[in-house]
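Subject: Structure for your files

Hello,

Here is the structure to go with our discussion. Please look it over first; my notes on what was found follow below.

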Amino acid sequence: MIDRCSTACGGIATLNRSFILGHVLAGALLIAAPSLAHAAKRTHSTAQKGGDPVILTHQPGSGLDAEARKLNTDDLAAAARHHETPLILIGSAPLSPDGKNIALFVQVQSASLCGSAGCSTDVYLKRGNSWSKILDSVSGPISLLPTTHGGMRDILVDSSDRWIWKNGTYVDTLTATDLPGFKTSIKRHQAEMRKKGQAVPQ
């Protein structure tokens, strides 16, 4: 009799513990749910602030691919000298809020053209019958921000580097640090090059 009671009582105690534990876990989930939902909403909001990503894809045989090849003949020739066949990635997106001013984004990938920072992307804008380069050799993911300057959307490069439209092109908002004596050193070097009859880049 005692043995049967011990077994039964032990089973009831186990069930009670399981019942209580289940309620505790359910309560904890109810408490945590609003926090988790808020965190998910905050993450989504942060992603939205990053703007609209520019997606680059391989589009062989397309009209944009043909244009990209014409605009990057020098890079393609340089890769050919290294016996490489580059991969050309392209994308397009409107730069103005009204949907006009469609830009062409071009990235040429090959071992000789890509460095430690990855492969660079050039951005072109169609003006009349020709393309003009408006952003040169930037590395990292590119997004179009909702903010504008001069009627054109700001461009975010690599999540932190913002470029704005100014005087018909995009300019970087990051300013380089002027190291003490840096300009003087450059001028001295240029003067020495002139003495030696070497061309000084402007």
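Cys114 and Cys119 are joined by a disulfide, with an S to S distance of 1.9 Å. Please keep in mind that this is a predicted model. The link between Cys114 and Cys119 is right-handed, with 105° about the S-S bond. The structure holds one disulfide, a covalent bond between the sulfur atoms of two cysteines.

Next, the sheet. Five strands form an open sheet in the order S1-S6-S7-S8-S9, and the pairing is antiparallel. Strand S1 (52–53) and strand S9 (169–172) are at the edges; each has a single partner strand, so one side of each lacks a neighbour in the sheet. In general, the strands of a sheet pair through backbone hydrogen bonds, either parallel or antiparallel.

Within this sheet, strand S7 (residues 152–157) pairs with strand S8 (residues 161–166) over three bridges, in the antiparallel sense. Val157 has Asp161 of S8 standing opposite.

Last, the aromatic rings. A pair of such rings is described by the distance of the centres and the angle of the planes. The count comes to one aromatic pair. The partners are Trp165 and Tyr170: their ring centres are 5.1 Å apart and their planes stand at 70°, an angle over 60 degrees, so the pair counts as edge-to-face. Are these two residues, Trp165 and Tyr170, buried or exposed? Trp165 is buried, and Tyr170 is buried as well.

Regards

Note on methods. Residues are numbered from 1 along each chain as its sequence is written. This is a predicted model: local features need pLDDT of at least 70, side-chain atom pairs count only at pLDDT 80 or more; totals for chains, interfaces and linings use all residues. Side-chain values use heavy atoms; hydrogens and water are left out. A disulfide is a pair of cysteine sulfur atoms within 2.5 Å. Two strands pair if DSSP finds at least two bridges between them. Helices (H or I, at least four residues) and strands (E, at least two) are DSSP runs, numbered from the N terminus. Rings of Phe, Tyr and Trp (its six-membered ring) pair if their centres lie within 6.5 Å; planes under 30 degrees apart count as stacked, over 60 as edge-to-face and the rest as tilted. Buried means under 20% relative accessible area, exposed over 50%, partly exposed in between (1.4 Å probe, protein chains only).
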